[in-house]
Amino acid sequence: MSATYRVAVRALCDFTAREGDLDHRFTPAPSAQEGMQGHTLVASRRGADYIAELPLSGTFEGLTVTGRADGFDPAANRLEEVKTHRGSLERMADNQRALHWAQVKVYGALLCKELGLEHITLTLVYLEIASGKETLLNQEASATELQAFFTAQCQRFLAWAEQEADHRQYRDSCLQTLGFPHGTFRPGQRELAEDVYKATSTGRCLLVQAPTGIGKTVATLFPMLSAMPRQQLDRIAFLTMKTPGRRLALDALATLGASQGEEAQPLRVLELVARNKACEYPDRACHGESCPLAAGFYDRLPAARQAAVAQAWLDRDALREVALAHDVCPYYLGQELARWTDVVVGDVNHWFDSHALLHGLAQANDWRTGVLVDEAHNLVERARGMYSAELDQQRLNRVRRAAPLALVRPLNRLARQWQALFQDTICKDTSLKDAGREAVGEAGKPDYRLLTTLPDKLVAAAQQVGASVTDHLGEHPEDASLELQELLFEALAFCRLAERFGEHSLCDLTRYGRGRAVLGLRNLIPADFLAPRFNAAHSVVLFSATLTPGHYYRDLLGLPEKTVWREVASPFAARQLEVRIRRDISTRFRDRDASIEPIVATMAQQYQRRPGHYLAFFSSFAYLTAALARFREAHPEIPVFSQTRGMPEVEREAFLARFTPGGKGIGFAVLGGAFAEGIDLPGDRLIGAFIATLGLPPFNDFNEALKARLGARFGQGDDYTYRIPGMIKVVQAAGRVIRSPEDEGVVVLMDDRFAQANVRALLPSWWAVETFSQ
């Protein structure tokens with residue numbers, strides 16, 4: 001080999017020793033925490049001379065293999081590989097057992113070489129988590145036999161390792177001379193690119209606010225790719241909030257690749273797609289006995305993997321084409337290729353959620369990773385969702401009706417704790433003394449309560465359900481109904497978060513009626529969960545058109561102390577966008593009926609002044625409907641169309657298709673909805689926006705609790721809960737109007753609070769704002 005290539009023992013064996021079917025049937029498995037505890041338990045049962053987590057390494061023709069053996073007993077000359085499991089060991093697949101033997105044999109070869117041993121006892125220790133019972137499988141082996149096995153595995157991997165080392169060398173050589181793909185930078189692009197390059201070169205996090213339309217995607221990818229060889233980055237992850245963002249990233253990468261000329265493209269690019277969108281047989285179970293693409297998956301994987309990396313460009317369609325040509329599952333081929341590609345384009349959950357694929361691979365393989373996060377203003381709410389969970393009483397009741405006899409007792413115990421929770425909360429309210437009364441409030445709204453503490457007894461009962469169902473399915477997999485599995489996953493997720501319950505989250509109870517309640521663990525401050533994810537990356541660049549103020553994102557996302565905030569000067573001139581504040585209108589809830597008439601008049605006057613396409617944003621569908629009805633009544637000559645609640649994708653596309661060049665009409669929409677960000681209507685397809693709301697979250701018990709918690713933590717309760725999130729939505733919606741240096745338009749902000757100094761401070765600095773009244 002021209003260069004040394006390093007591989008972990010586990011990764012080596014995954015590559016060389018896997019065979020047979022892909023099998024993702026539900027099998028109750030220990031959690032990562034239980035696995036670590038199991039390893040500790042086994043080590044505690046061994047003698048004083050027992051060595052746990054023994055580091056080992058060896059080389060073969062330029063290939064360096066490293067890892068940590070679970071345990072070695074020098075007195076018994078026994079090397080152990082510990083695996084935790086649940087239920088009967090007999091149900092473990094043969095190919096899984098073969099993989100375990102391969103791992104312990106490689107460790108055995110490394111240990112014999114290091115200590116000069118002539119023979120050794122290899123032991124697979126299977127620890128059943130529920131009972132603590134160990135099953136030991138022993139195999140005597142000579143150093144000669146193990147060295148031959150090690151050599152065989154390395155030889156099987158060597159051609160791939162040589163290919164990977166050559167690819168890395170070629171990739172880095174090309175990237176050192178990577179040029180900007182366009183003749184010149186757009187205004188603001190060079191400044192953005194320089195900031196990203198500096199952040200990547202210094203290993204820092206960067207928050208960068210850059211206006212829409214300057215080409216942020218290519219201006220962030222280009223500098224990070226340029227820094228890749230100099231900073232020895234192994235991977236770049238371009239993470240998005242929505243599918244259109246992935247498409248923009250792939251287009252930018254294609255442009256950058258095309259700029260390299262006719263030579264072989266240096267980058268392997270992979271688009272990660274959600275499982276439900278990549279599945280070819282959604283009606284089949286994910287195992288070899290059901291799905292033809294799972295049968296023999298690992299036998300056909302080597303050829304599919306080789307064909308994929310040779311193709312290099314692996315967007316959704318290309319990956320599917322390669323997978324089906326080799327009769328393997330496209331989704332799981334994509335999961336495998338995440339290990340072997342240079343740039344991965346996918347959703348933010350692949351790095352930030354609790355089971356993130358890319359973060360897990362980076363940790364396991366010690367990657368230096370550069371992370372780019374598009375539309376980063378959405379990460380606060382997305383992360384809150386990632387670290388929240390619910391227990392659904394109605395699901396529990398459905399499972400109880402058809403539960404196996406062995407599960408009746410723990411399920412009934414959980415049901416009793418639900419009733420006890422109602423007695424302690426809802427039924428203590430004198431207005432709801434009747435336990436049989438439907439627990440709904442005014443106007444049919446569900447009864448909502450914030451709980452001052454976590455209901456420990458209910459959580460304990462949920463933990464028992466999780467353990468009981470897991471143990472039962474370990475022995476009786478035929479009972480794994482979809483409903484039972486969903487209850488299990490729900491209970492496990494809820495209990496995992498309950499273990500980390502603290503000031504970053506709160507607990508609430510919503511009751512929709514008898515037997516229909518939801519207990520929620522709601523994350524309020526994602527910083528406590530996200531901080532380790534930022535620290536695990538070499539550099540993270542978060543960019544968006546709205547990242548003001550920087551301290552809001554630093555605090556709530558848990559960004560490192562040395563994070564840099566930058567604002568790229570807008571290429572747009574104030575003359576391009578007329579921003580007007582109607583200061584004599586109030587859209588506060590109490591004033592909404594009175595506000596409709598002046599809002600309608602203002603919209604009509606602006607339209608008559610300059611006919612064309614506009615978007616009008618309201619705080620709710622109820623407000624929108626009232627304004628739309630009045631507008632149609634007062635101005636039937638002006639074309640109008642409206643977003644509807646739960647609008648299907650085909651109708652959303654039809655709504656946007658109305659915005660044709662040279663067309664006329666007003667589209668009514670909800671602020672924060674599908675048409676308030678992430679849509680591109682350049683030129684005269686959209687010439688203006690009316691915004692009849694500050695976008696403030698509703699004033700309710702939850703948001704007031706959030707305000708109190710954020711105030712106590714950061715001293716910014718009101719701003720962080722209401723004003724800043726609201727204005728982010730406003731600026732995003734207004735950003736639909738000006739999409740290029742040639743565009744011109746108008747934004748009319750209709751609420752007196754827009755004229756307040758603390759609100760105007762959150763508007764883009766390049767806007768020239770005037771106020772008016774009638």
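## Cysteines

At 6% relative accessibility, Cys205 counts as buried, because buried means under 20% relative accessible area, exposed over 50% and partly exposed in between (1.4 Å probe, protein chains only). Cys13 is buried too, with a relative accessibility of 0%. The model you are looking at is predicted: local features need pLDDT of at least 70, side-chain atom pairs count only at pLDDT 80 or more, and totals for chains, interfaces and linings use all residues. Residues are numbered from 1 along each chain as its sequence is written, and side-chain values use heavy atoms, leaving out hydrogens and water.

How many disulfides does the structure hold? It holds zero, where a disulfide is a pair of cysteine sulfur atoms within 2.5 Å. For Cys13, the closest cysteine sulfur belongs to Cys154 and is 9.3 Å away, too far for a bond.

Let's turn to the sheets. Strands of a sheet pair through backbone hydrogen bonds, either parallel or antiparallel. Two strands count as paired if DSSP finds at least two bridges between them. Helices (H or I, at least four residues) and strands (E, at least two) are DSSP runs, numbered from the N terminus.

Val371 stands opposite Val540 in β17.

## Two crossing helices

Two packed helices are described by the angle between their axes and the distance between the axes. Here the axes of helix α6 (residues 216-227) and helix α7 (residues 243-258) come within 9 Å and cross at roughly 55°. Axes are lines fitted to C-alpha atoms, for helices over the stretch in contact, and angles run from 0 to 180 degrees between N-to-C directions. α6 and α7 are therefore oblique to each other; angles under 35 degrees count as roughly parallel, over 145 as roughly antiparallel, 65 to 115 as roughly perpendicular and the rest as oblique.

Which residues of α6 and α7 meet? Thr217, Val218, Leu221, Phe222 and Leu225 in α6 meet Leu248, Ala249, Ala252, Leu253 and Leu256 in α7.

## An antiparallel sheet of four strands

Another open sheet has four strands with antiparallel pairing, in the order β13-β16-β15-β14. β13 (389-392) and β14 (447-451) are at the edges with a single partner strand each, so one side of each is left without a neighbour in the sheet. On average, neighbouring strands of this sheet are turned by 20° against each other, direction ignored.

β13 and strand β16 (residues 516-523) run antiparallel and share four bridges. Leu391 has Leu519 as its bridge partner in β16. Helix α18 (residues 482-499) packs on the sheet and touches β13 and β16.

## A covered strand and a valine

In a regular strand the side chains alternate between the two faces of the sheet. Strand β23 (residues 688-691) is covered on both faces: Gly688 and Phe690 on one side, and Ala689 and Ile691 on the other, are all buried. Four bridges join β23 to strand β24 (residues 745-750), and the two run parallel.

Finally, Val769 lies in strand β25 (residues 769-772) and is partly exposed at 22% relative accessibility. Val769 and Leu577 are 192 residues apart in sequence and 9.3 Å apart in space, C-alpha to C-alpha.

Terms used. Contact means heavy atoms within 4.5 Å.
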